[in-house]
Amino acid sequence: MPLKTYGVLLARAVDTRREGARETPHYQIHLVDDHGTHYRAAVNVLSQEHPSELLYVVADDFRHPLTARLEDLPGGWNTLPAGPGGPNLDFVRGNLFDPATMRPIPPDVAGPDNDLADLLDHYVRRAVDDPAARVYLFGARFGPEPSIKDKVFGFLPGNGVHDVHMNQGNSHRFRGDDGVWQDGGLLLHFPGQSRWVGIFLAFQSQSWHTDDTTGHTLDEVDGTRPAAGTQPVRIVAALVNPKGPAPEAETVTLLNASPDPVDLTGWRVVGRLGHGTQVPATAPLAAGSCLTVPLATDVQLGNHGGEITLLDAAGLKVHGVSYTGDESAREGWTVVF
């Protein structure tokens, strides 16, 4: 059963609190929205399951069509409906980052700049010090609790966001929280620098191969993260905005980066909404060779940003990319990933 209250909080960070490394600690953030409503974000820094260290990746200059989808959201809590149409996060399907770049990190240890609390401090304290900065916190809402003060920052009513991490592919113990397009995360927008920072967290016990409907682990496959650079076939380019009137002849270019031929029978190229085009039936793609895939008319790639994903014959994700509206604005130019 997916999270009951998934959404995104848009607010200003005003304070932080570290809880150390005991039991199930969190990095706590105090936020206030444009209406003066107070919230607390409880960000996990340690897993209850082995291995206990979380995985993290930081996009210090985050460029993704997601940011454009966030522009019109009002301040405060925004409930997000299930599915790929809105600004929802999905670590598997949204092509937000390469899972191979995630690294484990301890929760809170002695010394500077060597744990997850230090990393969060580095960015969130900058947002606290910048009055124009805004924080977008994705996760599940708790509260409001009219008669209960917040246990960390003391405001009333108690109110906030948790599950600010990957929320699919869980072990049996937390399987009830599984879902798609409901992952948590932390985006910080610094308008004065025209910069977004993305911070994404996951538990090492979670699987990266999940069911497209339930978000449950696909037990028959290895759900571990791919090692960096091991994807045999990758999306390397796309003609998103061809010259001429719509419907346009869009294409996606694949590269076999491995030293061996790869059979692409049954593979598909899909867009954000899940509409797909079958990769043309050919001989196995030779090592180092490219293949250009013409897209069907119902798989049109948006000119204002989008995501492209390559699935194998079993429907498992092989590779994924994203592009922004700026990258696709020039008619006739190919976007190179």
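Which residues lie nearest the centre of the largest pocket? In this predicted model, they are Asp98, Pro99, Gln231, His319 and Gly320, which belong to a lining of 32 residues. The space in the largest pocket comes to about 700 Å³. Strand β17 (317-324) provides 8 residues, the largest share of the lining. Both β11 and β17 contribute at least two residues each. Sorted by class, the lining consists of 16 nonpolar, 8 polar and 8 charged residues.

Strand β11, which supplies part of this lining, also belongs to an open sheet of 4 strands. The order in that sheet is β15-β12-β11-β18, with antiparallel pairing. Its edges are formed by β15 (290-294) and β18 (335-336), each of which pairs on one side only. Within the sheet, β11 (residues 233-239) and β12 (residues 251-256) run antiparallel and are joined by 6 bridges. Arg234 has Leu255 in β12 as its bridge partner.

Further pairing involves strand β13 (residues 268-271), which is antiparallel to β14 (residues 276-278) over 3 bridges. Opposite Val270 stands Gly276 of β14. These two strands make a hairpin with 4 residues between them, and Gly274 in this hairpin adopts a positive phi near 95°. Strand β13 is also joined to β16 (residues 305-311), again in the antiparallel sense, by 4 bridges. In that pairing, Val269 has Leu310 of β16 as its bridge partner.

Note on methods. Residues are numbered from 1 along each chain as its sequence is written. This is a predicted model: local features need pLDDT of at least 70, side-chain atom pairs count only at pLDDT 80 or more; totals for chains, interfaces and linings use all residues. Side-chain values use heavy atoms; hydrogens and water are left out. Two strands pair if DSSP finds at least two bridges between them. On a 1 Å grid over the protein atoms alone, a cavity is a set of points where a 1.4 Å probe fits but cannot get out, and a pocket is an open set with protein on both sides within 12 Å along at least five of seven lines; lining residues have an atom within 4 Å of a point. Grid points are joined across faces, edges and corners, and a volume is the space filled by probe spheres set on the points. Ala, Val, Leu, Ile, Met, Phe, Trp, Tyr, Cys and Pro count as nonpolar, Asp, Glu, Lys and Arg as charged, and the others, Gly among them, as polar.
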